[in-house]
Amino acid sequence: MKHLRSIILVLLFGMGVGYALPVQAQSACAHVMFQIDSAQTVDQQAVCESAEPWAEKGIQLFVYLTDIEPASEEAWFAILDEVEVEAGLRDPSQEDAFSRNTLALEASTADEAAWAYTVTYGDLLFDTPLDLSPGSLNKIKNEMRLAIADEDATTGFTKAADISYQTNYPPPSPFVITFAILVGLAFAGTGGYFLYVRVVGPAWEREKARRRLKNQLALLQKNVANLLLACERLLSGPQVDDAVLYQLFEGYGGGHYPDRQEQVREWIRRSREALNDAFDLRRSLQMEDVQAQQSLAQQVENWEMIYITLVGTTPRIQKLTEEELRDLLDPVVILEREDADVQLTEQLDEIRRQIAGMAFKVQLMQATSQETDQLGILGYIDRIESQLAELASAKESAPAALDEAQRARLRAEEEAASASPFGMTASQILKGIDSRLAEAKANLSEGICLNTIESAESVLVYTEIVEDLLSAAADHHRRTQAIKTVTDLGYSPDTLPDSQQAVQNDIIRIVESIDAGEYLKADDWIDELDAHSQGALDTVEAWQALHLSNQAAIERLREKRSAVASYLQEAVLPAQQGLADYPAGSWEDVTQGVEAVPLLDAVENEALPRIVKDNSLEKQALRLAEARLVAEIGSINQLQRSLEAIVQRLAEIQTAEAHIDEGLRLTETAILEATQLRDAEDSKISPEVDQMIDDASQMLAEARKAAAARAFIDASNSQAVSRKLAQEASASAQEQVQRINKLQGELSQVNDQLEAQVPAANRAGASLSPQEQTSEGHELLRQMNDAMASARQKLLATRSLEDLKLVQALTTAINAFDAAGRAAEAAEQRVQEDRRSYADLQAQSEAEIERAQAAISAAAQRVNHRDAGASGQLALSRALQSCPSSINAQNPTRTALNEVITKANEAQQAALEAQRKADQAISSQQASRRAAAATLSRTSSYGSYRSSSRSSSRASSRSSSSSRSSSSSRSSHRSSSRSSSRRSSSMGSSRRR
């Protein structure tokens, strides 16, 4: 609006002129009217350019295209009559009265309707070549028919415009044109080409641009006048309250809503100011001296600024079609007609009659929308009509809303009477609902329909809360019975009394809130009841499950202790006695620190009785019992692996003892063979072979010494090294020796690897705390040690064999070590996985606590917001109570860590619930303080109502409206497909051809 006023200040004010009478809606230019009711598109700019010669002759075109398939030629003519009446071209009150200066090109896309291509014209074209040339008329219709059949309606209408004009005003003959060109060339020579490029061509382009601006200016002047007229009819009056739009607002009960009333007054006041500015600028732009001082482009830009002031710059209003703009300026489209206010009804009818057939829409060419009121006058009108639509809708829907609320109340009464939740009667539960229903009835009787709907909607919400109450009461009763079933067995969790007290507090608050009619507050307490009731049941069931789990673990511990004690007596003690026959150096590494009997006795006499007492229903120290069970089972598992290592060591020593003599003999023979080979081919054998034989002899001496000292494993190892050296010295003797060497090398490599890997895996397993250990990991370590012991025995067995048997034994030993290696890898991986999974569980516990605390912090900010009231307080309190502050135990069990995660998740969900409730309360409170903004937000919902009402109102408007009678409406000729004759069915006297 500021930009518009600045334009006014630089112009001289002059006297305004009357409104230009509108001619036709939906025009793309001033001299062509379009009515396109087809899926095919028409390039209106191209048609406008083809019609410019006609415009210079004072003839305007009307272009009509439809997808309707008429049943007959008479039905087609009836359709054309209706379209032409609606376009303001035909006056139905006079016989055959058609616009004098109009040429209409009318067609249907229907394939079978051969007659549905028509040329109609007024009496300015009577007795012209076009009127007297049936062949030309047939050619025009044929061009339209062929092009439309090819879905190129634009070409059809542009050719029709060109042919019709050339028929009336034929161009010079080709001979004349050729002669003129030759004469021009004779004078201009080759300079004629440059004359066209530099002078004629640019001049022609400038002329085309001038014509477009001229057409745009004419269209703007006509459509702006139409918009000013329509807006003035809606907004004029001595005072704001006298405007038609305000009278409608009051008539639909707007006075009952002071906030809305003041807003509508403000919108009308702004619109009236903008309208006065637009009228002032229009009067200034019509002054001859002002027009003389401005270029055509400046004039177009100034007129477009008036148009922007009226229409605004919001995309929704700018994209409205011609028909939708007309609906916007006709308030009756969205309202039910009432005859109570006769004067207002007459005003509305007059507005409808005045805007019938008016053209409003313009495509801008010059102006920009900067520094203008974004809404524009039509934007304010649209908002006001949104209010009217809402009031009208409320007036229509309020009784139904009240009926629905009463039905909901009856249903709630039936359910509450049979349930009696927490001792409340149906009348007690419904007291607040009945109060709201009474308010709704009183508002309806006074015509305050929006408040009626609001009260009715609140009743629906309250009845839903009553249903939630009944459901929560039933669920709580079911949970109470389930809790009683468990506690009757003797279970008494230490947190159960607090949970039950919280439930009782919730019930008290629910009853108080319902009695006070505060159903929304009761809804919060119902949620708390549901959470506390379910929490009490979860506590009891988890307590029972932990007790039963501990019972099963106690039995497993007894069985494990008994099995290890039996193994100690049956296998370990005999093995220890057997090991005593051998040097301590052969076995003390596996027996050192193993105190089996004290540990087993402690489990039997101290740990188990203590755990049984802790897990008893008398004491119910269930979590302590669980922690002790985990520790004792871990100790027993470690003891079992240590005892098995003792038994396995004796077997290794005995195997070595059984094979040492034969091994020494074979080694001595191998050294002798190597020596003989060396002595026999001494010149061919390198010095390295001598060294290998000497080393073999030395290792054999050490093996004999170890065997004499009964250190048979050391003797076997030394003997193996000695024999290997001797065999390597004799490597070239035969192919079998080569193969043996290869296998022995593989066996030595895998043996060396496993001798390092297996102890490392055992050390890793022993380093796990009892809380980190799992039964799966313990079993994999046992399997690894069994496999390693078996591989060692097979290795020892190879040392007394030769030839093929040795090859087979070496292969078996290699396979055994490979199996032991796979078992070691699995055991090491499991040990690391046990340690990692326990660490991950700890990390997850800490992360869940942090997430819960973050959620609680965020919720606290929203709950403490000044607009939140008390909403979310209870859920936030529950979150704070549920959230663990940290992991208390130094080495908590996996069960304890999982419980921490569960509690943290519960706290996080409660915090999210608190934040959601606080956000809802904040939004509701802030919305109530922004009544004007709330009104704007309802505009979108009004759109669907308005669009649905347009279809019916358009039909009634089309059937009841008629074009104005004017001096320009006389008679018409319509050329149809019937032998090119003038149409006589809807005309007065006419002649046929």
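Author: Glutamate 207 is partly exposed, because its relative accessibility is 24%; partly exposed means between the cut-offs for buried (under 20% relative accessible area) and exposed (over 50%), with a 1.4 Å probe and protein chains only. This is a predicted model, in which local features need pLDDT of at least 70, side-chain atom pairs count only at pLDDT 80 or more, and totals for chains, interfaces and linings use all residues. Residues are numbered from 1 along each chain as its sequence is written, and side-chain values use heavy atoms, with hydrogens and water left out.

Glutamate 207 pairs with arginine 211 in a salt bridge, 3.5 Å from N to O. The term means a side-chain nitrogen of Lys or Arg within 4 Å of a carboxyl oxygen of Asp or Glu. Both residues sit in helix α7 (residues 191-235), 4 residues apart, about one turn of the helix. Helices here are DSSP runs (H or I, at least four residues), numbered from the N terminus.

Next comes arginine 260 with glutamate 390, at 3.2 Å, N to O. Arginine 260 is in helix α9 (residues 258-285) and glutamate 390 in helix α15, so this pair ties together parts 130 residues apart in sequence. Arginine 260 counts as buried, at 12% relative accessibility. Glutamate 390 also counts as buried, at 18%.

Now glutamate 913 and lysine 917. Their closest N and O atoms are 3.3 Å apart in a salt bridge. Both lie in helix α29 (residues 894-929), 4 residues apart. Shared partners join Asp524, Asp527, Glu528, Arg878, Glu913 and Lys917 into one network of salt bridges. The count by this rule comes to 50 salt bridges.

Technical notes:
Helix = DSSP H or I, 4+ residues; strand = E, 2+ residues; numbered from the N terminus.
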